[in-house]
Each structure stands twice: as structure tokens, then as C-alpha cells.
Amino acid sequence: MALGKIKADTLEHSTSGTVDTQYVVNGSAKQWAYFIATMASIADSLNVSSVADEGTGDSGINITSAMSSANYANTNVVETANFQNTGGNVRLAGLHSKTASKINYMGDYVTNDVYAGGYEGSMYHNVSTLGDLA
């Protein structure tokens with residue numbers, strides 16, 4: 001069986017209208033992951049080969065198919081490992097560094113009085129990346 005191509009500038013849904021294919025190409029996540037940082041264990045992911053616990057509050061994500069450059073957009077949400085021990089506040093990790101094939105988040109900033117606004121590692125990470133693959 002021969003493989004073919006589908007060429008389209010727009011996609012049309014029977015009841016929801018149309019969308020330009022550039023939104024699909026440029027607006028879809030090229031990498032996402034839900035992982036347990038303290039164990040360097042991936043629960044589920046797309047385009048992630050591995051994660052690494054690189055120290056307290058430092059998590060590395062290795063991208064399987066590299067991005068075209070390091071100039072991509074990425075987002076993350078970090079959840080606490082145990083809401084009872086942390087007062088139920090959300091921890092936020094800041095982007096430490098990134099290359100076309102790796103993202104590092106450093107320092108989960110804890111927003112409650114128990115940790116006095118300090119940096120500490122948390123457990124569950126949800127991250128995604130938007131941009132062009134190489």
C-alpha cells in the first residue's frame with residue numbers, strides 16, 4: 001500500500017466552523033509531560049525521553065525530537081506533593097535554562113508561611129512546550 005499526503009490550508013468541522021492549518025501546526029503542544037520530579041519518574045508524556053532530578057528544586061526534561069531552536073515557549077504548573085504538609089499552597093517553578101533538546105526548571109517557589117517563601121523541590125510537575133520541531 002502506498003502512503004499519501006493530505007494537503008490542506010484549512011480544516012472544516014461539520015458544526016464548529018473552520019480553522020487554518022497553521023493554528024494546528026504552530027499552536028499544538030510539541031512536548032508535554034506529567035512527572036514525579038523527586039523520583040525522576042514519568043507518569044505520562046509526549047516527546048519526552050526522560051526526566052531527571054538534578055538537585056533540590058532542579059528538574060531536567062529531555063526532549064526526544066528536538067525543537068528547531070531554543071526560542072520556543074514552554075509553560076509549567078507545579079503541584080505540591082502533600083497539601084496537608086504545605087498548607088495547600090501552589091508551588092511555582094521558574095525556567096532555569098533551555099536548549100533545543102532539554103528544559104531545566106529551578107526552584108519551586110513555595111508561597112506559604114511554613115516555608116517562608118523559600119525554594120524547595122516538589123513532587124508533581126505538569127509541563128508543555130509550543131514551537132517548531134527541528
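The model is predicted, so local features need pLDDT of at least 70, side-chain atom pairs count only at pLDDT 80 or more, and totals for chains, interfaces and linings use all residues. Residues are numbered from 1 along each chain as its sequence is written, and side-chain values use heavy atoms, with hydrogens and water left out.

The protein contains two helices and 11 strands. Helices (H or I, at least four residues) and strands (E, at least two) are DSSP runs, numbered from the N terminus. Along the sequence, the elements follow the order β-β-α-β-β-β-β-β-α-β-β-β-β. Of the 134 residues in the protein, 27% are buried. Buried means under 20% relative accessible area, exposed means over 50%, and partly exposed covers the range in between (1.4 Å probe, protein chains only).

Gln31 belongs to strand S3 (residues 29-36). It counts as buried because its relative accessibility is 0%. The Gln31 side chain makes a polar contact with the side chain of Thr129, at 2.4 Å. Such a contact is a pair of N or O atoms within 3.5 Å; within protein, one must be able to donate a hydrogen and the other to accept it, and residues adjacent in sequence count only if both atoms are side-chain atoms. Thr129 sits in strand S11 (residues 124-130). Thr129 is also buried, because its relative accessible area is 0%.

Thr129 also has a spatial relation to Asn47. The two residues are 82 apart in sequence, and their C-alpha atoms are 9.9 Å apart. Asn47 occupies the loop between strand S4 (41-46) and strand S5 (48-53). Its relative accessibility is 16%, so Asn47 counts as buried. Asn47 is not a glycine, yet has a positive phi of about 60°. Most residues other than glycine have a negative phi.

Strand S7 (residues 73-79) includes Asn74. Ala73 is found in strand S7 as well. Asn74 is buried because its relative accessibility is 18%. Ala73 has a relative accessible area of 45% and is therefore partly exposed. Asn74 and Gly131 are 57 residues apart in sequence, with 8.5 Å between their C-alpha atoms. For Ala73 and Ala29, the sequence separation is 44 residues and the C-alpha distance is 9.7 Å.

Asp9 lies in the segment before strand S1 (10-13). With a relative accessible area of 64%, Asp9 is exposed. Its C-alpha atom is 5.4 Å from that of Thr21, which is 12 residues away along the chain.

A nonpolar surface patch of about 370 Å² is formed by Leu11, Val19, Tyr23 and Val24. Patches consist of residues with over 30% relative accessible area and no salt bridge; like charges are joined within 9 Å, and nonpolar side chains (Val, Leu, Ile, Met, Phe, Trp, Tyr) within 5 Å. A salt bridge is a side-chain nitrogen of Lys or Arg within 4 Å of a carboxyl oxygen of Asp or Glu. Accessible areas come from the Shrake-Rupley method with a 1.4 Å probe; for residues, only the protein chains shown count as cover. Val24 counts as partly exposed because its relative accessibility is 39%.

Aromatic rings were examined separately. Lys98 lies over the face of Tyr72, 4.4 Å from the ring centre. A charge sits over a ring if NZ of Lys or CZ of Arg is within 6 Å of the ring centre and within 35 degrees of the ring normal.
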